[in-house]
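Good morning, everyone. Please take a look at the two chains on the screen, and then we'll go through where they meet.

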Amino acid sequence: MEPLINVVKKIDGDRCTLALDGVLDYSSMDPFIEEIRSLEKWINNVIVDFSGLQFIDSTGIGAIINLVHEANTNDFEVELVGINEEVQMLFDTIGVFKIMESLKKGGN
Amino acid sequence: MFRRDFLYDFMPDGTMDKTLEREIKLARNIQMKLLNGKKPELEKSEVSGISIPARLIGGDYYDFYPLSNGKLRIIIGDVMGKGIPAAMLMILTRGAFRSAAESTHGPGDTLTAMNKAIYQDLRVLGSFVTLLCADWDPEKKTLTYASAGHYLPIIARGSQNLLELPKVKGVMLGGLPNTEYMESTVTLNDEDLVFFYTDGIIEAQNAGGEMYRIDRLNEVLLRNNTLDINEIENAINDSISKFTNNAPQKDDITMVLLKVNKGSTNITSYNSPML
């Protein structure tokens with residue numbers, strides 16, 4: 001059985017891109033969590049590329065929010081790119097962008 | 001605690017499963033009873049709620065809290081995750097709501113107080129809860145609402161109109177500390193239907209992986225919103241069941257309906273676990 005998600009990691013200097021391909025949900029998020037946990041210490045910028053994302057549930061969103069909080073604690077940047085209109089609306093409704101903005105301004 | 005975990009691991013074959021199964025069933029009974037608490041009585045309106053867990057127990061939540069000023073505080077929410085972990089946080093959320101509803105003036109204040117109460121716990125656990133809280137005033141026929149990262153309700157007026165509510169944005173509980181939640185108010189007409197829901201409805205899937213989606217929901221609401229509140233609820237349930245055709249669901253399905261009537265008031269609510 002093929003995995004529901006494939007996380008492709010690319011490192012360019014202090015930038016790490018995690019490209020998601022598939023479904024990021026309750027049953028499939030472990031590979032993504034593993035990549036986050038094993039991030040190299042010199043990484044200053046994590047880019048999560050949603051271009052290949054087919055579906056994300058609340059657990060997947062939780063993983064993104066936890067990454068954002070971790071970035072705030074450990075002083076690195078997170079960028080979310082390749083988000084389609086549907087996920088954009090979902091993130092906007094739930095407050096993902098507001099959290100990113102607030103933490104950037106020092107709202108911890 | 002650790003000793004108990006240790007004992008589970010070394011029970012003879014099968015015993016652990018039976019013990020866990022029994023405990024899960026007990027947990028389900030607790031959740032079902034809490035969701036089916038005593039319902040308030042209203043004037044000139046009816047409310048109804050239903051939650052169908054995707055598993056034996058779920059993380060969706062709804063509640064009604066009658067206020068001393070005659071208003072009814074309604075809440076619906078979705079805890080991140082599934083099954084037992086989500087159910088545990090659902091109980092935490094319920095406690096926070098019951099406590100905050102008593103001491104806060106409006107739905108925005110309620111969400112602010114709830115976030116203050118459980119933010120730290122949710123952050124430590126890496127979890128969050130989306131909630132929509134609303135005060136229904138049956139005398140003035142106004143609905144004041146605030147959102148903590150949750151979908152706004154749909155208002156169906158007659159068989160033609162779906163009203164788009166003024167947007168109020170707010171971060172989910174567990175997202176940021178010291179967050180304040182804005183409110184907005186709308187006045188409802190007689191026969192209006194307000195439909196609160198969780199994403200398990202629009203993301204319900206059939207065997208082919210196709211989702212139910214908002215368009216189907218809107219169509220069913222418009223087709224049935226002149227019916228009695230229980231009939232509307234049944235119509236929505238039937239539509240989802242027909243679409244999913246017994247395909248196992250990934251997410252809990254929860255809805256709360258508020259119907260403004262011209263005449264007398266009835267309250268109904270039930271909760272049906274999917275076994």
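How many salt bridges are there between chain A and chain B? The count is four. A salt bridge here is a side-chain nitrogen of Lys or Arg within 4 Å of a carboxyl oxygen of Asp or Glu. One of them joins Glu86(A) to Arg213(B), at 3.1 Å from N to O.

A word on the basis. This is a predicted model, where local features need pLDDT of at least 70, side-chain atom pairs count only at pLDDT 80 or more, and totals for chains, interfaces and linings use all residues. Residues are numbered from 1 along each chain as its sequence is written, chains are lettered from A and ligands numbered from 1 in the order in which they are written, and side-chain values use heavy atoms, with hydrogens and water left out.

Back to the interface. Nine residue pairs between chain A and chain B are in polar contact, both at pLDDT 80 or more. That term means a pair of N or O atoms within 3.5 Å; within protein, one must be able to donate a hydrogen and the other to accept it, and residues adjacent in sequence count only if both atoms are side-chain atoms.

Which elements of chain A give two or more residues to the side that touches chain B? They are α2 (58-74), α3 (85-94) and α4 (96-104). Helices (H or I, at least four residues) and strands (E, at least two) are DSSP runs, numbered from the N terminus. α2(A) gives the largest share, seven residues. By class, this side of chain A has eight nonpolar, ten polar and five charged residues. Ala, Val, Leu, Ile, Met, Phe, Trp, Tyr, Cys and Pro count as nonpolar, Asp, Glu, Lys and Arg as charged, and the others, Gly among them, as polar.

In total, 23 residues from chain A and 24 residues from chain B take part in the contact (heavy atoms within 4.5 Å). The two chains bury about 1,900 Å² between them, 59% of it on carbon and sulfur atoms. Buried area is the accessible area (1.4 Å probe) that two parts lose on being put together, summed over both.

Now the spaces. On a 1 Å grid over the protein atoms alone, a cavity is a set of points where a 1.4 Å probe fits but cannot get out, and a pocket is an open set with protein on both sides within 12 Å along at least five of seven lines; lining residues have an atom within 4 Å of a point. Grid points are joined across faces, edges and corners, and a volume is the space filled by probe spheres set on the points.

There are two cavities of 30 Å³ or more.

What is the volume of the largest pocket? About 1,100 Å³. It is lined by 35 residues, with Met89(A), Thr93(A), Tyr151(B), Tyr197(B) and Ile202(B) nearest its centre. Here too α3(A) gives the largest share, six residues. The lining has 18 nonpolar, eight polar and nine charged residues.

Last, the second largest pocket, at about 450 Å³. α2(A) gives the most to its lining, with eight residues.
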